[in-house]
Amino acid sequence: MLRHPALPLILVQTLSSMRDVPQFVFFLIYLQEQIGLTPILISSVVAGQQLASAVVALFGGAITARLGSKWVLAIGLALAGLSSFVFQTHAVWLLVVLWLISGAGGAMLNVGGSSYLTQLGGRGALGTLSAFYALSMTIGGAVGNPIVGFVAEERGYSALGWAVMGVSIIALTLLLWLMPNLNAPTAATPDLPADLAMAAPAPRLTRQLLLGMRCLPTLFYGMLTVLVPLVLNEISGSKVTVAAYGTSTLVVASVAQLMAGRAADRWGARGPTLLAYAVLVLSGLGLALNSQSVAGLFGFGVMGISAAWALSALMFVWVTDGIPKPHHPSMFGTLHAVWSLSMMGGSLIGSWLMGLGAALPFLVLGLLNVGSVFLALAYYKKPNFDSAVGIRHWH
């Protein structure tokens with residue numbers, strides 16, 4: 001039996017990522033090779049999934065408050081698992097419906113997993129736990145990619161679909177077996193409105209600052225994930241260089257997440273957050289000045305994505321620092337919706353700016369994070385947050 005309460009969550013998240021990360025890549029190839037969709041139609045399907053995820057995330061907090069994080073995770077796993085049936089059909093309408101359902105499942109997974117993590121207890125270890133939780137997604141993708149690639153090449157897309165469906169079943173079984181429902185309603189617990197009334201939500205300004213702290217770096221990150229590999233490939237003409245960039249990003253960003261989480265546990269999240277935002281600004285300036293340099297794009301691109309990953313781990317500490325626990329699910333739902341829309345916005349704005357000048361997307365979206373610095377300073381400005389949060393804060 002797994003002893004640490006976070007280990008079942010991390011194991012389930014790892015298995016979920018073993019399915020989701022490679023499945024996404026091969027779904028795009030499936031649409032192109034087997035269905036014959038054009039790139040613009042493929043992009044539309046992906047955008048539709050992100051929109052579905054954003055919409056469902058807004059309701060995820062209320063559902064989590066009713067059912068508890070464990071059952072929201074279970075629902076998310078089940079819905080996302082249905083997407084594996086896309087490899088069993090050539091009907092475009094059914095493919096689209098299944099992929100939209102997977103977006104809804106992904107939102108439930110995110111909200112349920114995030115709120116479960118912050119329910120686990122001690123503030124002193126939350127940063128490190130958050131880093132390992134975020135890293136589980138990377139590890140799952142790294143393990144799943146070669147396995148799924150081998151199955152697809154040797155057995156075809158149908159076998160690939162059944163294989164990733166099997167991973168979903170294993171993850172769901174482990175979740176039901178190992179994970180307690182930490183915030184489950186009980187007979188002694190008042191109904192939702194009264195229960196939530198026991199802990200007033202954080203002031204509107206606090207919530208708005210938190211959303212801005214999530215939005216601005218995600219705009220930059222969404223742009224980086226699309227443009228840097230494309231520009232690197234165009235300038236270098238080498239797929240090996242692009243692959244090396246992807247590998248370097250995974251390694252360095254994973255280390256950055258662990259360092260940020262450990263620093264937050266030791267000194268609080270304010271300092272690591274400000275440092276990560278400063279690195280994003282530096283990355284944007286470096287990419288703008290080196291937009292035609294392979295070495296510059298490579299180095300500053302890895303730097304920017306590493307800082308963005310560190311901020312993703314720190315986000316759990318931000319929420320714990322400023323939002324009362326009963327309101328964590330709804331806050332994470334809203335944050336996930338903002339993340340989805342910001343990822344879409346970053347890629348679209350970045351592509352439009354790229355048409356005006358090669359350096360502009362890096363410069364404009366990078367400098368936006370000067371604003372992130374001021375948002376973080378305002379968020380951590382008060383010597384103490386509302387006493388309902390009940391956590392140690394900066395002085």
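1. Helix α1 passes helix α3 in a left-handed crossing (left-handed if the near helix is turned anticlockwise from the far one by less than a right angle). α1 covers residues 6-35, and its axis lies 11 Å from that of α3, at an angle of about 15°. That makes α1 roughly parallel to α3 (angles under 35 degrees count as roughly parallel, over 145 as roughly antiparallel). Axes here are lines fitted to C-alpha atoms over the stretch in contact, with angles from 0 to 180 degrees between N-to-C directions. Helices are DSSP runs of H or I, at least four residues, numbered from the N terminus.

2. This is a predicted model: local features need pLDDT of at least 70, side-chain atom pairs count only at pLDDT 80 or more, and totals for chains, interfaces and linings use all residues. Residues are numbered from 1 along each chain as its sequence is written, and side-chain values use heavy atoms, without hydrogens and water.

3. α3 also packs with α4. Their axes are 7 Å apart, at an angle of about 155°. The two are therefore roughly antiparallel. Their crossing is left-handed.

4. Next, α8 (residues 204-236) and α13 (residues 360-379). Their axes come within 9 Å and cross at roughly 155°. This pair is therefore roughly antiparallel. The crossing of α8 and α13 is left-handed. Their contact has 19 nonpolar residues, six polar and no charged. Ala, Val, Leu, Ile, Met, Phe, Trp, Tyr, Cys and Pro count as nonpolar, Asp, Glu, Lys and Arg as charged, and the others, Gly among them, as polar.

5. Look along α5, residues 126-155. Its 30 residues should span 44 Å at 1.5 Å a residue, and the end C-alpha atoms are 42 Å apart, which agrees. The expected span is 1.5 Å times one less than the number of residues. α5 bends by about 30° at Gly144, and Pro146 follows within four residues. The bend is the angle between axes fitted to the seven residues ending there and the seven starting there. Just after α5, Gly156 has a positive phi of about 95°.

6. The whole structure holds ten aromatic pairs (ring centres within 6.5 Å; planes under 30 degrees apart count as stacked). In one, Phe87 and Tyr157 have centres 6.0 Å apart and planes at 5°, so the pair is stacked. Phe87 sits in the loop between α3 and α4, Tyr157 in helix α6, 70 residues apart.

Terms used:
Parallel < 35°, antiparallel > 145°, perpendicular 65-115°, else oblique. Phe/Tyr/Trp six-rings, centres within 6.5 Å; stacked < 30°, edge-to-face > 60°.
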